[in-house]
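Here is a briefing on a two-chain model. Read it alongside the sequence and the coordinates.

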Amino acid sequence: MVRIKHRYLLVHILYPESADSQSKNTSDTSEKSLPYLVQFHRPSPNELTPQLLARAIRDQVLLLYGDYGLGLVSSSLNVKYLSPATSTAIIRCSRDQYRLVWGALAYMTHLPKNSKQAPPRPCVMQVVRTSGTIKKAEQEAIKRARAAILRTKRESGDGSADGLIGLFSQPDEEAVGVSGNGKARDIAGSDVSDEEDEMDVEFEDEGD
Amino acid sequence: MYYDLNIPYAAENHGELKQTLAFLAELGYNTVALNHTISGKVPENVTNQIPSPLPFSSPPSLHILRRCTVHLSDPSQNHRLNNISSAYDIVALRPTTDKCLQQACLGFECDLISLDLSTRFPFYFKHSTLAVALERGIKFEICYGAGILNSDGGASRRNLISNATQLIRVTRGRGIVVSSEAKRALACRGPADVINMAVLWGLGQERGAEAIGREARSATVQAELKRRSHGGVVDVMYGGEKPERPAREDKVAKAKQGIGKRKAEVLESQVADGNVSPRPISKREQKRQAKKARLEHTNTQEGEAESTWKDRPAPEASVPPEPLANGDGE
């Protein structure tokens, strides 16, 4: 069976700078008291839609690689998933050119770029996983979100967290065990061995 | 382990630096070097400008080093690199002219050569000079921060990419360290993103990963060895400890009190004092004397008719007086 091979990039949108420069109306003290983990993984503004993100990436590719690069990339570039609440996105691109897209992501500094509603905010796009199937990217996203919640609770020293840690960490391990061959890799970029499966084809049909 | 060996340090901007360090820890870096820049004349006695425990709390997972970068523009100037290297963990040079680059490669004592790649150089890098530096264990640094922030409308990014590819071509990809030189947290990128950037510059996945891991580590370890060890080769990690011995006086004092074995010196001193106590007789000696006495007793009873050989023990009387102490003499 011949099909177009893709790469799925799981991307965290991080906000390294505190929001006081943009939103003066929110009280400064509440911003300062948050642990850094929560500050960096802040929710994205609701104005950031998948279309806007895709257009921002396209613009960046055009800026970096010109018409030739955009021509190579644009046929398969697609934002599959974007959750403003967790600032996580899954971006699909063709397998041959995924490094071009990744490079464009690394050079991005502001989001949303050309939206009329929201002013651009400084952000860092961190690719945490590349995989050949969307399923693996999804699993990784769930795993990381769960770990982030636990870490935040532990860092903030919440007394109620102790019981919760035990409660949540168990299903976490189970989930990893059930997924079977789910290799927990921290570093993206080297996992080429993933096989594409039925799930991938389904998503592909939807996307196009 | 991921390294970022260039985070500019500014004394008046602690809040932002704290945030940058927290962000680097969040991205997954383990070791960070704070950088103090000296341009122009080097002061006579160099002191470390970066306080050793930082005045604010830094993330516990982050190991912080202190580094100094000296701008080289005048080759005739005395840069007092030895003084600097004793005050800082890492010493880097930033040559701006062709001649300075040559000097830095061939002669100057340093750990890193950090060219400002966001400007255009009016000369080409030559393999023959850079290879000498690589032979000496000096690494070349590529700072990607200026290319990301791109404050001057693309020129710095273009220059950075062009110079980085040049540098990688000339050094054949060996001895390259990639670091951020991020004045804001915004210019930092995660380790995987940096590796991808290095791949786009033509460094290759493996070499790219080494550039922020192994090569950077070897630069810091070599720098540390240069300062601490003998000739940069031998280093004593742990010299061991001497086992503690009980003092000798105890034993003599004990003997003087009459506990334990008596020492010859003690005995002599007692003899000199005159209070010679008769030597106590061992059981064996007692038995022997008793037997002797018994034999002699029987001899005298049996009469003189017996042969003379039994009289042999007779000269007992000439034996030292101790046996007499037993009390049952003839």
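**A buried serine in a loop**

A:Ser87 counts as buried because 21 C-beta neighbours lie inside 10 Å. The cut-offs: a residue is buried if 20 or more other C-beta atoms lie within 10 Å of its own, exposed if 12 or fewer, and partly exposed in between, with C-beta atoms placed from the backbone. The model is predicted: local features need pLDDT of at least 70, side-chain atom pairs count only at pLDDT 80 or more, and totals for chains, interfaces and linings use all residues. Residues are numbered from 1 along each chain as its sequence is written, while chains are lettered from A and ligands numbered from 1 in the order in which they are written.

**Positive phi**

- Most residues other than glycine have a negative phi.
- A:Ser87 has a positive phi, near 55°, and is not a glycine.
- A:Ser87 sits in the loop between β2 and β3 of chain A.
- B:Glu181 also is not a glycine, and its phi is positive at about 50°.
- The loop that holds B:Glu181 runs between β7 (176-179) and α7 of chain B.
- B:Glu181 is buried, with 25 other C-beta atoms within 10 Å.

**Confidence**

- The model has an ipTM of 0.71 and a pTM of 0.69.
- The mean pLDDT of chain B is 80, and 81% of its residues score at least 70; pLDDT is the predictor's confidence in each residue, from 0 to 100.
- Which element of chain B has the lowest mean pLDDT? That is helix α10 (residues 249-256) of chain B, at 64, whereas helix α7 (residues 191-201) of chain B has the highest, at 91.
- Where pLDDT is low, the predicted coordinates should not be read in detail.

**Chain A: make-up and sheet**

- Chain A has seven helices and six strands; helices (H or I, at least four residues) and strands (E, at least two) are DSSP runs, numbered from the N terminus.
- The order of elements from the N terminus is β-α-α-α-β-β-α-β-β-β-α-α-α.
- Of the 208 residues in chain A, 34% are buried.
- An open sheet of four strands has the order β2-β3-β1-β6 in chain A, with antiparallel pairing; strands pair if DSSP finds at least two bridges between them.
- β2 (78-83) and β6 of chain A are the edge strands, each pairing on one side only.
- From one strand to the next, the twist averages 25°.
- Strands β1 (residues 6-14) and β3 (residues 88-94) of chain A run antiparallel and are joined by seven bridges.
- A:His6 has A:Ser94 as its bridge partner in β3(A).
- Helix α3 (residues 50-74) of chain A lies across β2 and β3 of chain A, at about 150° to β2(A). Axes are lines fitted to C-alpha atoms, for helices over the stretch in contact, and angles run from 0 to 180 degrees between N-to-C directions.

**Chain B: make-up**

- Chain B has twelve helices and seven strands.
- Of its 330 residues, 30% are buried.

**Interface**

- In chain A, 18 residues are in contact with 19 residues of chain B; contact means that C-beta atoms, placed from the backbone, lie within 7 Å.
- On the side of chain A that touches chain B, α2 (36-40), α4 (98-106) and β6 (124-131) of chain A each supply at least two residues.
- α4(A) gives the largest share of that side, four residues.
- By class, that side of chain A has twelve nonpolar, four polar and two charged residues. Ala, Val, Leu, Ile, Met, Phe, Trp, Tyr, Cys and Pro count as nonpolar, Asp, Glu, Lys and Arg as charged, and the others, Gly among them, as polar.

Conventions:
Contact = placed C-beta atoms within 7 Å.
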